[in-house]
Each structure stands twice: as structure tokens, then as C-alpha cells.
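Hello,

Here is the structure I promised to pass on. Please open it beside this email and follow along.

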Amino acid sequence: MAPVLRKIFGIYPGSFDPLTNGHLDLIERASRLVDTLIVAVLHNEGKETPLFSVEERMDLIRASLNLPNVEVDAFDGLLVDFASHKGATVIVRGIRAISDYEYELQMALMNRRLRPEIETVFLMAGEAYSFISSRMVKEVIRLGGRIDELVPPMVASRLKDHFQPGKQ
Ligand code: PNS
């Protein structure tokens, strides 16, 4: 009997405000594990006001990627509902340090409770990126520091436009 070929759809969700080189590394690695990876940008309702709009964040992700099996989309509401709507069976999350673990475990268990058919898979952040977060990137550039090695070039340029207008 011929094997049943089932395509695996994965979701890599986040705020991506903005995309960092750590995210990019994770997207590249996750894209090798699934047939199609959807990078899903959260509409931050109720969270702190984002620096970039959802459309800007999606454009920056698209402009920084060149992977044929990666799509970029946006979602609001429950992540598992969006994943299910997209036919995704895997949620990919990155873990940088032990400090990430508690929150990620809680989220994974809640998502499993909501939709047990969707599995969360954790990838360890690349060691070169394990100290990078979107929040710190914004803080560093806001205070005049250098962020060029931390984010893709397009993101660095947009951050400079925002925080250091007239200075490139
Ligand atoms: O990388 P981030 O910004 O911490 O991503 C957090 C994200 C988007 C994965 C999380 O906030 C999320 O899934 N939000 C959607 C709402 C939801 O499904 N909540 C229930 C699970 S705790």
C-alpha cells in the first residue's frame, strides 16, 4: 500500500516588533522541519503599543526572507484557533534561556488544553543570538547604541529612520 503523504504546516507566532536575527535564524531552521511554515504576526491587542504596525512588521519579515516554503500572515484572537484555521499542526517557539522556559511552558500547556491536536515544538536559539530580544534592540537604539549586527539590514534601517532621523 502506498504511504499517505501528509504535508506538515507549522506556525511560528510572535509580535516581531521588530524581527531580529534571532527570529530569522529560527525561521530558517524551522522551515527545514515542516513543509510550509507560516510566520504569524500578532495584532497586539491589549499589549503594549507596538513600534511598527502589523503591516510594517509583515513587510519587514517578507523583505528579510528568501525561503520558498515560508509565508507571512497576521492573526488576532487565540493562536490555536488561527493555527487550526490554517491547517497547522505544529507551533514552533524559540527558547533562549531558562528564563524563557516558564512562560513558554505555560503557554504550550494552555494551547494543548485548548487544542490537543496541535503540538508545540521548541527550538533552542542559536548561541550567537541567545541574548537578542526585540525589546532590548529597541532600548539600545533608543539610547543611541548600535544594533546593526542584531537585526536584518532592512529592520536596522527602519529603526534608524524612527529613532535617529537624519543620521544613518
Ligand atoms: O514572541 P512573543 O511576542 O512573546 O509572542 C507571544 C505570542 C504571540 C505567541 C502569544 O502572545 C500568543 O499566542 N498570543 C495570542 C493569544 C493566545 O492564543 N493566548 C493563549 C495562549 S497563552
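**What I found**

An oxygen atom of the ligand sits 2.8 Å from a polar backbone atom of Leu 79. Keep in mind that this is a predicted model.

Start with the ligand, then. Ser 15 places a polar side-chain atom 2.7 Å from an oxygen atom of the ligand. On its own, the ligand exposes 550 Å². The protein buries 75% of that area.

How many residues surround the ligand? There are 13. The closest are Ser 15, Leu 78, Leu 79, Arg 93 and Asn 111. By type, the shell holds seven nonpolar, four polar and two charged residues. Now look at where they come from. Strand β1 (9-14) and helix α4 (98-114) each give at least two residues to the shell. Helix α4 supplies the largest share, with three residues.

Next, the sheet. The model has an open sheet of five strands. Read across it, and the order is β3-β2-β1-β4-β5. The pairing is parallel. Which strands stand at the edges? They are β3 (70-75) and β5 (119-124). Each has a single partner strand, so one side of each is left without a neighbour in the sheet. From one strand to the next, the twist averages 30°.

Pick out one pair to see the detail. Strand β1 runs parallel to β2 (residues 36-42), and six bridges join the two. Along this pair, Ile 11 stands opposite Ile 38 of β2.

Helix α1 (residues 21-31) packs on the sheet. It touches β1, β2, β3, β4 (90-95) and β5. The direction of α1 makes about 120° with that of β5.

Now go to the loop between β1 and α1. Two residues there deserve a look. Phe 16 lies in this loop. Its phi is near 50°, a positive value in a residue other than glycine. Pro 18 is in the loop between β1 and α1 as well. Is the peptide bond from Asp 17 to Pro 18 cis or trans? The bond is cis, with omega near 5°.

Last, a helix pair. The axes of α2 (residues 54-64) and α6 (residues 153-163) come within 8 Å of each other. They cross at roughly 145°. On the α2 side, the contact is made by Glu 56, Leu 60, Ala 63 and Ser 64. On the α6 side, Met 154, Val 155 and Arg 158 make it. What types of residue meet here? The contact of α2 with α6 has four nonpolar residues, one polar and two charged.

Best wishes

How values were computed: Residues numbered from 1 in each chain as written. Predicted model: local features only at pLDDT ≥ 70, side-chain atom pairs only at ≥ 80, totals over all residues. Heavy atoms only, no water. Axes fitted to C-alpha atoms, helices over the stretch in contact; angles between N-to-C directions. Helix = DSSP H or I, 4+ residues; strand = E, 2+ residues; numbered from the N terminus. Contact = heavy atoms within 4.5 Å. Nonpolar A, V, L, I, M, F, W, Y, C, P; charged D, E, K, R; others polar. Near = heavy atom within 4 Å. Polar contact = N/O pair within 3.5 Å; in protein donor to acceptor, adjacent residues only side chain to side chain. Areas by Shrake-Rupley, 256 points an atom, 1.4 Å probe, with all protein chains shown as cover. Pairing = 2+ DSSP bridges.
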